[in-house]
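Hi everyone, thanks for having me.

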Amino acid sequence: MTQELTSPSPAPRAPGAGRGPAWWRDAVIYQVYVRSFADSDGDGIGDLRGVRERLPHLRDLGVDAVWLTPFYASPQADGGYDVADYRAVDPLFGTLQDADELLRTAHDLGLRVIVDIVPNHTSDRHPWFTDPETARQRYLFRPGKGEHGELPPNDWESVFGGPAWTRTDRGDWYLHLFAPQQPDLNWENPEVHAEFEAILRFWLDLGVDGFRVDVAHGMIKAPGLPDIGHGAQAQLIGSQVLPFFDQDGVHAIHRAWRRLLDGYGDGSGRQVIGVAEAWAPTPERLALYVRPDELHQAFNFQFLNAPWQADALRTVIDASLAATSSVGAPTTWVLSNHDVVRHTTRLGGSLARARAASLLMLALPGSAYLYQGEELGLPEVTDLPDEVRQDPAFFRGGRATGAAGPGTDTESAPDGVAAAGGQDGFRDGCRVPLPWSGEAPPYGFGPGGSWLPQPADWAPLTVAAQTGDPASTLELYRAALELRRRLPGLGDGPMSWAPAPDGVLAFTRPGVLCTVNTLGHDAELPAPGTPLLSSAPVTVQDGTARLPGDSCTWWAI
Ligand code: BGC
């Protein structure tokens, strides 16, 4: 008998979110990059109303929560990660009332909402920085070296390229680990702690369900701000503790924030969470951020950086699970975000691999983060003209990502633009506005244009074009998320490896077995059960399963 599964099995949707107090342990959280999600007013820039209007897409997709990238008042020197007022919505994105309405609508649809908090640095237009008196206390100013103080205080480099110090017209220097418009705060000052706790409370009172903590590994610097002793420091991020990243002192801040977040739990079991964007050299050091009295989750960039090879994936998965389980936290999985090359392109320009990687991720124990557009299989846009680019790293000749680790390294091209494998390496290419419908740009993104040009060949990738097509990536994600909700064995819970040929991974979850063929050609193994869902047509004949190259299949066992 031959059984063939060529498409996701359609199934009725389970009722909306509401997985109980520890909802976050296996939540699928969808990252909305606000500027590129949906534009309601025709200025070509996505906004909060646009997000609200499109929330039904996320409900239908089947995610549990939404993470919104910064929409606060900002000069936008780094896509809003340069905040001038943490309690105000930037007019580009709407008003506080729009934020309030978005939260209410999301909650009505059963979606939780996490917002970004940026505590390592503010905008240089923040009133604390523009006032020289407060600036001196609340940021990191130092005298320069050299006879006339004309040299930076130490050898630290900005993640975006160039020195991490800028000299003021008063002659001293201030630290900015990112762009010069993003001065680093002085977390030795209790006023900084108090202000951020007040900001957290402001958004919690408005009803948010948690925070994604930007550069959660950066707030505390080594005493004396010691030199590192060599250059190309951005390449070291995530591979070793640096005097400006992953200092032990950051954990006291996370412990204080956890106490604050726990104080917002209520009798109905509301749990609000903190998610660390932290670059740590090992899974063990990353796990320190999710100890029981610290943040709830940390992004697992080791998984994102793993090559598409069975052994390497297995090693990263094992190390991730071991590290987080040692502190009782769930593991998180992520393949794409607004700082890295989209995984369709990163995994060799192969949609087949991207689909397989996504199904693998969604079968693993713990929580998964999706980046807008990955459910459409969007590739990185690699041919943006320089004049439309906005990534500050591009202008500083630095590295591709804000805080990405070694796995996203790029090689310097002759013109100073980082390039790797035909990918331009900067961050605008993964931020191109989403295609929703229609045959031509802006593909329903909004009534006007789009702040970055969309490719002319994206019509088949729109939400409308993929909806109802069982072979589409969108329907694959919908089916996977529906199964995750329906099958209790997926999500949080045990996992164990099963025997598989070289180049193939097999592991069981309660009631489900997942196979991943990382080879570029078919692989065979004894059929482990009945196929439930597959990223590519899988066949079963006389008890033997034939797994297409670069595919992932979920089996009912
Ligand atoms: C964000 C980047 C940003 C950087 C500085 C990163 O963690 O994800 O987009 O450029 O922090 O705030």
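Okay, let's begin with the ligand and what sits around it. If you sort the shell around the ligand by class, you get five nonpolar, four polar and seven charged residues. That shell is made of 16 residues, and the closest are D78, H121, D214, E277 and D339. Before I go on, please keep in mind that this is a predicted model.

Now let's look at some individual contacts. How far is the side chain of E277, at an N or O atom, from an oxygen atom of the ligand? The distance there is 2.5 Å. D339 also gives 2.5 Å, again from an N or O atom in its side chain to an oxygen atom of the ligand. Then there's R427, which has a polar side-chain atom 2.9 Å from an oxygen atom of the ligand. And how much of the ligand's accessible area does the protein cover? On its own the ligand has 310 Å² of accessible area, and the protein covers 100% of that.

Next up, aromatic rings. A pair of aromatic rings is described by two things, the distance of the centres and the angle of the planes. In this model the count comes to 25 aromatic pairs. Take W67 and Y369: their ring centres are 6.2 Å apart and their planes are at 75°. Why do we call that pair edge-to-face? Planes over 60 degrees apart count as edge-to-face, and W67 and Y369 are at 75°, so their pair gets that label.

Now find those two along the chain. W67 is in strand β3, residues 65-68, while Y369 is in strand β14, residues 367-371. They are 302 residues apart, so to speak at distant parts of the chain, and the pair links those parts. Are they buried or exposed? The cut-off for buried is under 20% relative accessible area. W67 has 3% relative accessibility, so W67 counts as buried, and Y369 is buried too, at 2%. These two also belong to a cluster: W67, W279, F299, F301 and Y369 form one aromatic cluster.

Here's another pair, F160 with F178. This one is edge-to-face, with 5.4 Å centre to centre and 70° between the planes. F160 lies in the loop between β7 (141-142) and β8 (165-167), and F178 lies in the loop between β9 (173-175) and α5 (190-206), so the pair ties together parts that are 18 residues apart in sequence. F160 is buried, at 0% relative accessibility, and F178 is buried as well, with a relative accessible area of 3%.

The charged end of R35 sits over the ring of W451, at 4.8 Å from its centre. R138 lies over the face of W128, and there the distance to the ring centre is 4.4 Å.

T69 is in the loop between β3 and β4 (72-73). T69 counts as buried, at 2% relative accessibility, and its side chain reaches the backbone nitrogen of V34 at 3.1 Å. The other one is A393, in helix α12, residues 392-396. A393 has 0% relative accessibility and counts as buried.

Key: Residues numbered from 1 in each chain as written. Predicted model: local features only at pLDDT ≥ 70, side-chain atom pairs only at ≥ 80, totals over all residues. Heavy atoms only, no water. Phe/Tyr/Trp six-rings, centres within 6.5 Å; stacked < 30°, edge-to-face > 60°. Helix = DSSP H or I, 4+ residues; strand = E, 2+ residues; numbered from the N terminus. Buried < 20%, exposed > 50% of the residue type's maximum accessible area, 1.4 Å probe, protein only. Lys NZ or Arg CZ within 6 Å of the ring centre and 35° of its normal. Near = heavy atom within 4 Å. Polar contact = N/O pair within 3.5 Å; in protein donor to acceptor, adjacent residues only side chain to side chain. Areas by Shrake-Rupley, 256 points an atom, 1.4 Å probe, with all protein chains shown as cover. Nonpolar A, V, L, I, M, F, W, Y, C, P; charged D, E, K, R; others polar.
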